[in-house]
Amino acid sequence: CFAVGPKLFQYVIKVIVQAIQLLYTMLKIDQPSYILLQNPPGLPSIAVAWVACLFWRSKLIIDWHNYGYTIMSLSHGRNHPLVQIAKWYEKLFGRLSDYNLCVTNAMKEDLWVNCNIKAVTLYDKPASYFKETPLELQHQLYMKLAKDYEPFKPRTESVSSNTEMSAFTEMDEKNGQVIKTRGRPALLISSTSWTEDEDFSILLKALEDYERYINEGVKLPSLVCVITGKGPLKDYYNGLINKLHFKHIQICTPWLEAEDYPLLLGSADLGVCLHKSSSGLDLPMKVVDMFGCCLPVCAIYFECLHELVKHNENGVIFRDSDELAEQLKMLFLGFPTPEGKLHSFRKNLRASKQLRWDESWDQTVLPLLGQNE
């Protein structure tokens, strides 16, 4: 218990200091009609925003993306005093808001049943720059990445001196025409913040099985697996990756410039999502972005994932590394032929004509505010 004391005291002091700084900053702005706050992080911002709204006579809107206390419980455990305080705080101050938005119907129900908070579901939608990448832009991106990352470099020497090649594309320098290279590897992408709620050993184990399938003679393409992002566990997983000696798979963990990330998603053949919600009530934004790029996904199961990933329609849902390995085999068999599941998933995503973020906001939130003017 003594170990909790000083830590808890430090945390309380930190929260009080942040609250004073935030309130001071907020009270200096022009009077707003509404204050929109995303939670998490909600400690101390929900309470501070509520005080500022009292001062301004403004309306407080909380946009619930998850619960802060469930994220804290990943590192502290559900019964830690800090986690219990955070849970009590979120429930109490959450009820003081004027309007509430949330990211899934499951969260809407949970807020109502457990917190007596009435919310409107506003699904995350991709920004307009998440879209399929034209072939010429794909080639430029691959050539740029090939300067720093081995997997993007061409597998073979160019036959013609007028051809510029990457691992996936070749461009005729005379007429600027780009084609996809024959026998190219498949490009698999996953993005992560390298935290406890994503177990990347599941993907690494599935890739070992995939390599075994090729060695056993299954007609599968080589793979380039790109894992983007940065975070606390990146070095740990890089250590595991370096111990794997694949012949047919190359793994690359680049840090991409912000504008290159949507281009790479729009160029990939398959996305993999290992995000497991800490509450089981939010949806992975990375899958939303992948779908904006019409990129099919393999996503790990949790309770409300079906609100986004429709199994065997726009992707597949797996529960463990064995299932993921089987799905990779099924999706890449005979690659890159236009038949098969991968192609039909992409066609379904193109046909679904998803709303974009601003359109979704106009349809869901504006009416909510308008009725209370």
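**Close-up 1. Helix α7 in the predicted model.** Helix α7 covers residues 201–215, 15 residues in total. From first C-alpha to last, α7 reaches 21 Å. That is close to the 21 Å expected at 1.5 Å a residue. Buried positions of α7 include Ile-202, Leu-203, Leu-204, Ala-206 and Leu-207. Asp-209, Tyr-210, Glu-211, Tyr-213 and Ile-214 are also buried. Gly-217 follows α7, and its phi is positive, near 100 degrees. Lys-329 lies over the face of Tyr-213, at 4.3 Å from the ring centre.

**Close-up 2. Helix α2 and the residue after it.** Helix α2 spans residues 45–56 and has 12 residues. At 1.5 Å a residue, α2 should span 16 Å; the end C-alpha atoms are 16 Å apart, so the two agree. Ser-45, Ile-46, Ala-47, Val-48 and Ala-49 are among the buried residues of α2. Ala-52, Cys-53 and Trp-56 are buried as well. Arg-57 counts as exposed because its relative accessibility is 77%, over the 50% cut-off.

**Close-up 3. The packing of α2 and α4.** Two packed helices are described by the angle between their axes and the distance between the axes. The axes of α2 and α4 (residues 81–94) come within 9 Å. They cross at roughly 25 degrees. This angle is under 35 degrees, so α2 is roughly parallel to α4. The crossing of α2 past α4 is left-handed.

**Close-up 4. Aromatic pairs.** The structure holds 18 aromatic pairs. In one of them, the ring centres of Tyr-67 and Tyr-69 are 5.7 Å apart; the planes meet at 20 degrees, under the 30-degree limit, so the pair is stacked. Tyr-67 is buried, with a relative accessible area of 4%. Tyr-69 is buried too, at 13% relative accessibility. Tyr-129 and Phe-130 form a tilted pair, 5.1 Å centre to centre, with 40 degrees between the planes. Tyr-129 is exposed at 53% relative accessibility, whereas Phe-130 is buried at 7%.

**Close-up 5. An aromatic cluster and a charge over a ring.** Trp-194, Phe-200, Tyr-236 and Tyr-237 form one aromatic cluster. Elsewhere, the charged end of Arg-319 sits over the ring of Tyr-301. The separation from the ring centre is 3.9 Å.

**Close-up 6. Cis peptide bonds and a positive phi.** Most residues other than glycine have a negative phi, and most peptide bonds are trans. The bond from Asn-39 to Pro-40 is cis, with omega near -10 degrees. Pro-40 lies in the loop between β1 (34–39) and α2. Another cis bond joins Phe-335 and Pro-336, with omega about 5 degrees. Pro-336 belongs to the loop between α11 (321–332) and α12. Asn-312 has a positive phi, near 70 degrees. The loop between β12 (297–300) and β13 (315–318) holds Asn-312. At 39% relative accessibility, Asn-312 is partly exposed.

**Close-up 7. Ala-351 in helix α12.** Helix α12 runs over residues 341–351 and includes Ala-351. Ala-351 is exposed, with a relative accessible area of 63%. Along the chain, Ala-351 and Cys-294 are 57 residues apart. Their C-alpha atoms are separated by 9.4 Å.

Terms used. Residues are numbered from 1 along each chain as its sequence is written. This is a predicted model: local features need pLDDT of at least 70, side-chain atom pairs count only at pLDDT 80 or more; totals for chains, interfaces and linings use all residues. Side-chain values use heavy atoms; hydrogens and water are left out. Helices (H or I, at least four residues) and strands (E, at least two) are DSSP runs, numbered from the N terminus. The expected span of a helix is 1.5 Å times one less than its number of residues. Buried means under 20% relative accessible area, exposed over 50%, partly exposed in between (1.4 Å probe, protein chains only). Rings of Phe, Tyr and Trp (its six-membered ring) pair if their centres lie within 6.5 Å; planes under 30 degrees apart count as stacked, over 60 as edge-to-face and the rest as tilted. A charge sits over a ring if NZ of Lys or CZ of Arg is within 6 Å of the ring centre and within 35 degrees of the ring normal. Axes are lines fitted to C-alpha atoms, for helices over the stretch in contact, and angles run from 0 to 180 degrees between N-to-C directions. Angles under 35 degrees count as roughly parallel, over 145 as roughly antiparallel, 65 to 115 as roughly perpendicular and the rest as oblique. A crossing is left-handed if the near helix is turned anticlockwise from the far one by less than a right angle, and right-handed if clockwise.
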